[in-house]
Amino acid sequence: LPPYSVCTINQANELPNDAAGYEGVDLIAVSTKDVDLLRNLPLNKQTALLDHVRGGGRLLISLGRQAPEIQKIDWFSKLLPGRVASIQENINAASIESLIGASKRLDGLSMPLLKLEQGTVDLLITMPNRELLPVIIRSHAGLGQVLTFTADLNDAPLAKWEDRPFLVQHLLKGQWVTVDEQLQSVSRGSSSYLGYDDLSGQLRATLDTFPQVSSISFSFLV
């Protein structure tokens with residue numbers, strides 16, 4: 001992600017004491033590898049992170065086999081889209097491979113089975129017992145957006161998967177507006193609508209549209 005600066009937080013004292021400290025932060029990503037960091041976070045830093053997300057911030061949660069421990073962290077569990085029912089081992093990752101058009105095979109994953117309480121599921125995996133396992137869930141916390149990926153991006157086998165960057169890129173799609181998208185937006189905004197770029201012309205052209213009238217092809221007319 002060349003246009004963005006990325007930093008890794010390893011100690012609680014590196015996090016802001018107030019939500020204002022997150023101004024300018026596009027996305028906070030949390031992995032289950034950070035379970036001790038989250039568990040030992042001081043109250044003021046917990047409140048700052050929660051206030052930031054609920055005030056309109058964006059959060060990516062990457063779960064995995066330590067999801068039950070994450071769920072025990074009371075303040076952070078409020079950001080999860082559901083409750084952890086169990087940990088499923090050796091889940092076939094073919095659906096994830098297909099999602100990004102992977103060129104390399106991904107070994108079986110350890111993933112929590114979430115009983116969802118909110119959110120929209122973007123990807124499901126059907127387990128051998130025909131039960132559905134949510135993989136990518138988009139939910140909200142206040143005004144903020146939470147994207148939950150139920151495997152751990154920083155744990156084996158995903159950590160060393162050659163196509164991992166493409167998966168990360170897919171997960172972060174829509175999390176922010178890139179420079180290219182801004183330019184496209186400006187271009188779309190300045191283009192004409194029905195041949196007009198002024199409001200009166202657009203309004204008149206719209207009123208001159210009659211959806212109830214059927215069109216006849218030229219070949220039929222001939």
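The model is predicted, so local features need pLDDT of at least 70 and side-chain atom pairs count only at pLDDT 80 or more, while totals for chains, interfaces and linings use all residues. Residues are numbered from 1 along each chain as its sequence is written, and side-chain values use heavy atoms, with hydrogens and water left out.

Side chains of opposite charge can pair when their charged atoms come close. Here a salt bridge means a side-chain nitrogen of Lys or Arg within 4 Å of a carboxyl oxygen of Asp or Glu. By this rule the count comes to seven salt bridges.

One of them joins Asp-155 and Arg-65, whose closest N and O atoms are 2.4 Å apart. This pair links distant parts of the chain, 90 residues apart. Asp-155 lies in the loop between β7 (144-149) and α6 (164-171), and Arg-65 in the loop between β2 (58-62) and α3 (67-71). Helices (H or I, at least four residues) and strands (E, at least two) are DSSP runs, numbered from the N terminus.

Asp-155 is buried at 17%, whereas Arg-65 is partly exposed at 42%.

Another salt bridge pairs Asp-107 with Arg-105, at 3.1 Å between the closest N and O atoms. Asp-107 is partly exposed at 45%, and Arg-105 is exposed at 65%. Elsewhere, salt bridges that share partners join Asp-36, Arg-39, Glu-69 and Lys-72 into one network. Within it, Glu-69 pairs with Lys-72 at 3.3 Å between the closest N and O atoms.

How values were computed:
Buried means under 20% relative accessible area, exposed over 50%, partly exposed in between (1.4 Å probe, protein chains only).
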